[in-house]
Amino acid sequence: MRAAVLAAPGRVDVRDVPLPDPGPGQVRVRVEGCGVCGSNLPLWEGRDWFRYPLAPGAPGHEAWGRVDAVGSDVRAVREGDRVAALLGGAFAEYDVADATTVLSLPPALDALPFPGEPLACGVNVFRRAAIRAGDTVAVVGLGFIGAVAARMAVLAGARVIGIARRGWALDLARRLGVAETVTFGPRAEVVERVRELTGGRLCDAAIEAVGLQEPLDLAAELVREQGRLVIAGFHQDGRRSIDLCAWNWKGFEIVNAHFRDPAVNVEGMRIAADAVARGELDLGVLLTHRYDLAHVGDAFEAMRARPDGFLKGVVIP
């Protein structure tokens, strides 16, 4: 099979490598596509603690495709099923997954790309935030995860305030049903604008979906007393400092919206698949760019630069 190999920071080679065989409890998936995850950008850029080359297909983990081989002791998934899966080497034509981390997709999604893992992340952020009808929710950062979480909050009957730097992202938020949008500028100005929009009450919940210090600080200021600060951003560039005195005074709940239990992620994929099948979650809006294996590097570069019109790139082998 053909696989993309991240051979060095900023360099991808396409190589012919052996086809993987499923072991007991595993299935092999013929990959139809795989999303490119923002949390893997440091791998592309390079860090001292990474070792190259990576395994063929790594770090592709946002895949969908069709099962073409089934190992022993697998009952719930059959050869020929179209699935989303939690994989690890899916920048390739094939990859192997544990059957327990695979979701069979409904026929209504047959013609659609479906990067299940990041959709599950956005859905699970929403679930973890415990958002209810009538809540006012600020979403700070309208990348893919923030956009999915914002849309799920809208579907739940919440009033959503979307906050982002890019005008294009704010336009997208309005297409997703977000009630108000605010440009991410000086923090005091953003807080004052949200105060105006909420009659001084601030937000029942604020979702930080960027993974940097400044958006985290802003989100904390937007939460009302006894509200919920939901940390959805993936913070991986060092330690954070917080105003714990202010956090204590407000008495808000601090929610870490990251999950490591595969069963929770599969359930998030299931909820996302149902929402797409019902027409409530439009993947045509959320998945904006496509690349082939030879251009995985272009996908990472676009993710780093975030040009207008870019929300999520997928690689089609």
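The structure holds 22 salt bridges, a salt bridge being a side-chain nitrogen of Lys or Arg within 4 Å of a carboxyl oxygen of Asp or Glu. The model is predicted, so that local features need pLDDT of at least 70 and side-chain atom pairs count only at pLDDT 80 or more, while totals for chains, interfaces and linings use all residues. Residues are numbered from 1 along each chain as its sequence is written, and side-chain values use heavy atoms, with hydrogens and water left out.

Side chains of opposite charge can pair when their charged atoms come close. Asp13 takes part in a salt bridge with Arg11, at 2.8 Å from N to O. Asp13 also meets the side chain of Arg15 in a salt bridge, here with an N to O distance of 3.4 Å. Arg11 is partly exposed, with a relative accessible area of 42%; buried means under 20% relative accessible area, exposed over 50%, and partly exposed in between, for a 1.4 Å probe and protein chains only. Arg15 is likewise partly exposed, at a relative accessible area of 34%.

A further salt bridge joins Glu221 to Arg187, whose closest N and O atoms are 2.8 Å apart. Glu221 belongs to helix H6 and Arg187 to helix H5, so this pair ties together parts that lie 34 residues apart in sequence. Helices (H or I, at least four residues) and strands (E, at least two) are DSSP runs, numbered from the N terminus. Glu221 counts as partly exposed, at 33% relative accessibility, and for Arg187 the relative accessibility is 33%, which is also partly exposed.

H5 (residues 187-197) and H6 (residues 213-222) meet at an angle of about 30°, and their axes are 10 Å apart. Axes are lines fitted to C-alpha atoms, for helices over the stretch in contact, and angles run from 0 to 180 degrees between N-to-C directions. H5 is therefore roughly parallel to H6, given that angles under 35 degrees count as roughly parallel, over 145 as roughly antiparallel, 65 to 115 as roughly perpendicular and the rest as oblique. The crossing of the two helices is right-handed, meaning that the near helix is turned clockwise from the far one by less than a right angle.

Contact (heavy atoms within 4.5 Å) is made by Arg187, Val190, Val191 and Val194 on H5 and by Asp217, Leu218, Glu221 and Leu222 on H6. By class, five of these residues are nonpolar, none is polar and three are charged. Ala, Val, Leu, Ile, Met, Phe, Trp, Tyr, Cys and Pro count as nonpolar, Asp, Glu, Lys and Arg as charged, and the others, Gly among them, as polar.

Backbone geometry was also examined. Most residues other than glycine have a negative phi, and most peptide bonds are trans. A cis peptide bond, with omega of about 0°, connects Tyr52 to Pro53, and Pro53 sits in the loop between helix H1 (41-45) and strand S4 (62-70). Ala58 and Pro59 are also joined by a cis peptide bond, with omega near 5°; Pro59 lies in the loop between H1 and S4.

Asp73, a residue other than glycine, has a positive phi near 70°. Asp73 is located in the loop between S4 and strand S5 (82-86) and is exposed, with a relative accessible area of 60%. Gln226, not a glycine, has a positive phi of about 65°. Gln226 falls within strand S12 (residues 223-231) and is exposed, at a relative accessible area of 57%.
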